[in-house]
Amino acid sequence: MWLKMLGGIIIIASGTSIGFLYANRCCERPRQIRQIISCIGSLKSYISYVSLPLAEALINCTNGTCGAVKELFQKTATILKGNGWMTPQEALQQAISETHDLVLEKPEIEVLVVFGANLGSTSRDEQTNYLDMVQEQLAKIECDALKLRDQNSKMYRYLGVCGGLAVVIVLI
Amino acid sequence: MGLDLLFKIAGVGILVSVFHTALKQAGKEDMAHLCTLAGFTIVLFWVVQLLGRLFSTVQDVFKLF
């Protein structure tokens, strides 16, 4: 009897935690996209006004941010510094695959990869224009992610708790 | 068996209704209907076993073969 109760509690707790984990991922995505947008804004000024080399600009533009996005930009900078033959796009792709805390999905990753393709290869004005465009695209994706968050985060919490309870009821 | 199964069916019913409401609010009506169908199938599975027992008991009582 006690063993059954213990098992039931463990199943409910694990179901609940899975639900909350998914809900947190939902909440985290728009936050990370917003951080990327602010980093790109900062990178734009580091490119156009300060004219820093790309690796240093990538490190400096993350000032004030924290978490996975900071890790992503810093990893890109480290890869660029360490491997001079790599293009920014390849470095960014490698950094995306190495940063495990990122909860970004396909649309924003595609935008980021295209953002890497035009970094450091054109004039400063062109890069500024291009970064503006990337920021706009990311802002649209952020809007969609916010809508998805409002819809899904509550649903994931409910489904986690109720899924755990349903499994317990079926197994008892 | 006893009342246990009745309570289990009631529990599944309550949970399925919560599932349905949560999924419908999230705009996933198809998943909500799928979930209701899954709950119905689980309950039907339990009830069919009992019905089978009922029929075999009736056969035994009336000596039907």
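How are helix 3 of chain A and helix 4 of chain A oriented to each other: oblique or roughly parallel? The points below take up that question and then move on to the rest of this predicted model.

1. In chain A, the axes of helix 3 (residues 68-82) and helix 4 (residues 88-98) come within 8 Å and cross at roughly 130 degrees. Helix 3 of chain A and helix 4 of chain A are therefore oblique to each other, and their crossing is right-handed.

2. On the helix 3 side of this contact in chain A stand Leu72(A), Lys75(A), Thr76(A), Ile79(A) and Leu80(A), and the residues they meet in helix 4 of chain A include Pro88(A), Ala91(A), Leu92(A) and Ala95(A). Sorted by class, the residues of the contact between helix 3 of chain A and helix 4 of chain A comprise eight nonpolar, two polar and two charged.

3. As to confidence, chain A has a mean pLDDT of 86, with 100% of its residues reaching 70 or more. Within chain A the lowest confidence falls in helix 2 (residues 54-60), at a mean of 82, whereas the highest belongs to helix 1 (residues 2-50), at 89.

4. An unreviewed UniProt entry annotates residues 6-24 of chain A as "transmembrane region".

5. Helix 1 of chain B packs with helix 2 (residues 29-61) of chain B at an angle of about 175 degrees, the axes being 8 Å apart, and that makes helix 1 of chain B roughly antiparallel to helix 2 of chain B. Among the residues that helix 1 of chain B brings to this contact are Ile9(B), Val12(B), Val16(B) and Phe19(B), while helix 2 of chain B contributes, among others, Cys35(B), Gly39(B), Ile42(B) and Trp46(B). The contact of helix 1 of chain B with helix 2 of chain B divides into twelve nonpolar, three polar and two charged residues.

6. Between the chains, the contact draws twelve residues from chain B and eleven residues from chain A. Helix 1 (residues 4-25) of chain B gives the most to the side of chain B that touches chain A, namely nine residues, and by class that side of chain B has eight nonpolar, three polar and one charged residues.

Conventions:
Residues numbered from 1 in each chain as written. Chains lettered and ligands numbered in written order. Predicted model: local features only at pLDDT ≥ 70, side-chain atom pairs only at ≥ 80, totals over all residues. Contact = placed C-beta atoms within 7 Å. Helix = DSSP H or I, 4+ residues; strand = E, 2+ residues; numbered from the N terminus. Nonpolar A, V, L, I, M, F, W, Y, C, P; charged D, E, K, R; others polar. UniProt positions renumbered as here; feature names shortened; annotations may be inferred. Axes fitted to C-alpha atoms, helices over the stretch in contact; angles between N-to-C directions. Parallel < 35°, antiparallel > 145°, perpendicular 65-115°, else oblique. Left-handed = near helix turned anticlockwise from the far one by under 90°. pLDDT = per-residue confidence, 0-100.
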